[in-house]
Amino acid sequence: MKGKIRSMAYAARHDGLHAIRPPLMKRIADASAPYLYSAPALILIVAVMLVPLVLGVSYAFRDIQLLNPFSGAFVGLDHFRALSEDQAFFRALRNTLWWTGASVLLQFTFGLILALLLDKPFSGRAIAQALVFLPWAVPSFLAGLNWAWLFNPVVGPLPHWLYRLGLMSQPANILSDPQLAMWGPIVANIWWGIPFFAITLLAALQAIPRDLYEAASIDGAGPVQRFLSITLPFLAPTIAITILLRTVWISNFADLIIVMTNGGPADRTQIVASYIFTQAFKRLDFGYASAIALVLLALLLAYSLLIVILRQWLLSKD
Amino acid sequence: MRAKSTFLTIAHRLAILAYIAFALFPLFWLLKVAVTPNDLLYTEGVRLWPSRASFEHFDFVLRHSSFPVFFRNSLIVSGSTAVIVTVLSSLSGYALSRFRFRGKYWLVTLMLLTQMFPLVMLVAPIFKILSPMGLTNSLTGLVIVYTAFNVPFATFLMQSFFDGIPKDLEEAAMIDGATQFVAFRQIILPLTLPGIAATLGFVFTAAWSELLFSLMLISGNEQATFPVGLLSFVSKFSVDFGQMMAAGVLALIPACLFFLFIQRYLVQGLTAGAVKG
C-alpha cells in the first residue's frame, strides 16, 4: 500500500518534472550561475580567512603555545584577566591612537595640498604626478628600512641636518630615543601614504564640473570662497570615506613599526597590531596573541559596521 | 595683477618641486649609499654623491649572497598569486557586475569585512592550520594565503572594469545562441584586457610587499622571500650598509616597473574597496 502510493507519487512527480524539465533546468542553471562564478573566490576566502578567524577566536580562550606540546587546554577568561593587567597592552592602545591619529591627519593634509596642486594643468604634470606617487609603489618593508637608515647617524643625513639646524644637541638616532621614536615610523608612514590620499582626492577634484568655478568667479567669488563653497562640499563624501577606511587600515598597519623599531625602545612605539605580531612571532604564545586580537577586533567592529552602513547609504544615493 | 599671477605660478611650481624632492629623496639616498664604496661611506659623511661611485656592493649581492634566491622566490610567489587572483576575481567580479542574486549582498558584505579586520590576527591560526599540512616554510602556502587576501579587493577592481562594458554585447551573443560563459570568455574578457593587466599589477605589487605572513610562515633561507631575506640580513650584518642598500635597490626594481605599468589605473585600484595601501 505504502509502496504503491510512493510509486504513484513518484510517477506524478516524475511526470511533472518531465513536463517542465527544460525551463526548470534552465531556471536552476540560471539561478546557480552567479554562485558558480563566485564560488572559487568565496571558498578560498572562507577557508583562508573566515575559518582561521573563528579558530583564532577560540584560541583566545585556550592555552596555545607553539613550543609547548602539552598546551591547548581551555583556560576560559584567563587571557583577558592577564590582559586587563598588562601595562604593555594599554600603552600599545594609547600608542595606536597616537600613531593612527598623527599619520592619518598628516597624510590627509599633505595629500589634499598635493591633490590641489596637481589639479591645475601645467606642462610636465604627467611626469610630476608619476614621481610624487612613486612612494606608494615602494614595498612597505623597504620604506621602513629606507627611513630607518635615513634616521641612522652612521649612514643617514637626517640627524646631521637636524643637528645643524639646532634642533638636536648631537646627531643621534631618534629611533632609539623613547620620547621621539614614534616620529620615525610616523614620518615614514606619511611619506608612504601621501600618494594614496592625493590620488583619491585628485580623482574627486577632477569630477567637479568646471563651469561651477567659472559661474562663481563671474559672480565675484574669490579663490578662498570658491574653495569653501564649491570644492569642499564636493569633496566631503570622498574625504569622509577615505579617512574612515584609512583609519582602520593604518591602525592595523604594523609593517613600518616592526621593521623600524620592533616596538622599542621600551615599548614606546608598540601599537596593538605589532604587539599581537610580537606575541605570536617572538613568544609563540598564540593564545594570548589571539586574546589581544579579539579585543582589537571588537574595537574595530563597531567602527567597521559604521563604514559598511555609510557605504550602502552612499551607493543608494547615486 | 600680472605680477601676482607670476608669483602664484612660481609658488605652485616650487611646491610641486618640494613634493617631488620629498618623494624621491629617500630612494635617491638608498641608491647613493648602494654605490658608495665602503672606504668612503664613513669618511665622506652626508655628501650628496660620493667622490667615487662603484658597483661593488651590487656585485657582491648578486654573486655571493642568497639575494638572487630570495628574489626568485618572491618572483614565483608574487607572479603565481597575481595570476591565480586575476582568474578567480574575474569570475567573481563578473558575477557581481552582471547578476542580481540573493546572496550578492552577503557576498559583498563578507568581502568588505575581510578588508576591515586586522589580518595580523590571522597570523597564529593560519600558522596552526598550514603547519600540519606541510605548507609552512613553503612557497605554495604563501601563494594560497596571499591569493585569499587579495581576492576581495581584486574582485571589486574587476567588477569596476566589467561595469564599464555595455551589457548589450553579451546579450547579443546569447541571442545568437552562445551560453553566457562562452560570451563572457570570448567577448567580455578580451575587452577587459587592460583591467586584467591592472589587476595583475596591483596584486603583484601587494604580494611583493607583504611582510608579516612571510616572516611568520617562512623560516629557512631556502624558501625565504625578499622581505624575509632582507630583514634577516639586516639583523645579522647590520654594518654592511652598502650591501643592504644594494639589495634594497634590487627589491625596488619590480615594484617600480609594475608601478609604471599600472599608473593609469591607480584611481580605480585605490577606490576598489578602497583598501590596498
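Between domain 1 of chain A and domain 2 of chain A, about 320 Å² of area is buried, and carbon and sulfur atoms give 75% of it; buried area is the accessible area (1.4 Å probe) that two parts lose on being put together, summed over both. The side of domain 1 of chain A that touches domain 2 of chain A has three nonpolar residues, one polar residue and no charged residues. In this classification Ala, Val, Leu, Ile, Met, Phe, Trp, Tyr, Cys and Pro are nonpolar, Asp, Glu, Lys and Arg are charged, and the others, Gly among them, are polar.

The structure is a predicted model in which local features need pLDDT of at least 70 and side-chain atom pairs count only at pLDDT 80 or more, while totals for chains, interfaces and linings use all residues. Residues are numbered from 1 along each chain as its sequence is written, chains are lettered from A and ligands numbered from 1 in the order in which they are written, and side-chain values use heavy atoms, with hydrogens and water left out.

In chain A, domain 1 covers 2-59 and domain 2 covers 87-317, with bounds from an automatic or database domain assignment. Taken over C-alpha atoms, the centres of these domains of chain A are 45 Å apart. Four residues from domain 1 of chain A and five residues from domain 2 of chain A take part in the contact (heavy atoms within 4.5 Å). Zero salt bridges were found between domain 1 of chain A and domain 2 of chain A (a side-chain nitrogen of Lys or Arg within 4 Å of a carboxyl oxygen of Asp or Glu).
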